[in-house]
Amino acid sequence: MSRILILGGTTEAVALAKDLAAKPGIDAIYSLAGRTRAPTLPDCTIRTGGFGGINGLTRYLKENHIAAVIDATHPYAEQMAGHAQAATKVTEIPLFKFLRPAWREPADTSWHHVATAADAARIIDGKFSRVFLSSGLKDLTAFSHLPDIWFLVRSVDMPDTPIALPQHHHVAARGPFTEEGETDLLRTWQIDALVTKNSGGAATAAKLEAARALAIAIIVIDRPANLEPTPYTDVKGLLESVSQTLG
Ligand code: NAP
């Protein structure tokens, strides 16, 4: 029996875990950070919560006799990806990386590309007054010094602590979102700029087309450049490679 640890938190990670769990000779463990209150889960062993840094993950891999690790976390889960690289290097356990293809900028649209949420805050300061922050709750403090901007904040869950933005409205919603729904949201709240990560995937892409059609400025926080090992962008290809490696 080969035990495989899947670092999850994405739709594709759930699909990967489901496929792996159905294979004979595989014991799939699906790992979550534990941030989402009612996550979608595959039918396999689930573990929740951080490992305790690189050392904690290294210990976990050894103690649980993990044969391979699949990092299928979100493209912006940079820390977990780095820890997986380091711990699998130390333990000499094969690491496979899944990365959703990024969204592409349409030829007739001009996205403002920035590297960080702080850069996005600098871009919108003084230029926009009603901004849709669609990128979750993690980076909101980067915008907390902008008292003249009203923010629409969307995340899957309600925040545990008050949102530290001077003027805002929060909506809790889980994708997939439709273009019609996103257009309605942008119009209702009179949004003049959208700040988003380049998450990729179909579930949350509709906001980009809706914003483009309404000529709303689109500020994209580009993906972190963390491409080790070379990522797979399709679940099937990754699973084939895992099977070949484990023999
Ligand atoms: P992160 O900054 O890369 O990770 C922070 C810490 O959270 C890690 O060092 C680790 O703690 C723990 N962690 C993260 N992913 C984990 C997993 N799958 N299993 C166990 N522990 C995990 O991660 P993040 O950006 O906060 O994302 C957290 C989770 O939400 C991930 O599963 C990710 O796939 C998902 N997610 C993230 C985003 C996003 O925009 N960042 C969007 C959608 C979903 P220890 O150091 O203690 O091991």
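Visitor: What are the ground rules for the values?
Guide: Residues are numbered from 1 along each chain as its sequence is written, and side-chain values use heavy atoms, with hydrogens and water left out. Since the model is predicted, local features need pLDDT of at least 70 and side-chain atom pairs count only at pLDDT 80 or more, while totals for chains, interfaces and linings use all residues.

Visitor: How are the rings of Trp 150 and Trp 189 arranged?
Guide: Rings of Phe, Tyr and Trp (its six-membered ring) pair if their centres lie within 6.5 Å; planes under 30 degrees apart count as stacked, over 60 as edge-to-face and the rest as tilted. The search of the whole structure finds 3 aromatic pairs. In the pair of Trp 150 and Trp 189, the centres are 5.4 Å apart and the planes at 20°, so the pair is stacked.

Visitor: Is Trp 150 buried or exposed?
Guide: Buried means under 20% relative accessible area, exposed over 50%, and partly exposed in between (1.4 Å probe, protein chains only). Trp 189, at 26%, is partly exposed. Trp 150 has 12% relative accessibility, so Trp 150 counts as buried.

Visitor: Which element gives the most residues to the shell around the ligand?
Guide: A residue is near a molecule or strand if one of its heavy atoms lies within 4 Å of it, and 23 residues surround the ligand. Helices (H or I, at least four residues) and strands (E, at least two) are DSSP runs, numbered from the N terminus. With 4 residues, the element that gives the most is helix 3.

Visitor: Where is His 65, and what is its phi?
Guide: His 65 is in the loop between helix 2 (53-63) and strand 4 (66-71). At 63% relative accessibility, His 65 counts as exposed. The residue is other than glycine, yet its phi is positive, near 50°.

Visitor: Which peptide bond is cis?
Guide: Pro 176 lies in the loop between strand 9 (167-172) and helix 5. With omega near 5°, the cis bond runs from Gly 175 to Pro 176.
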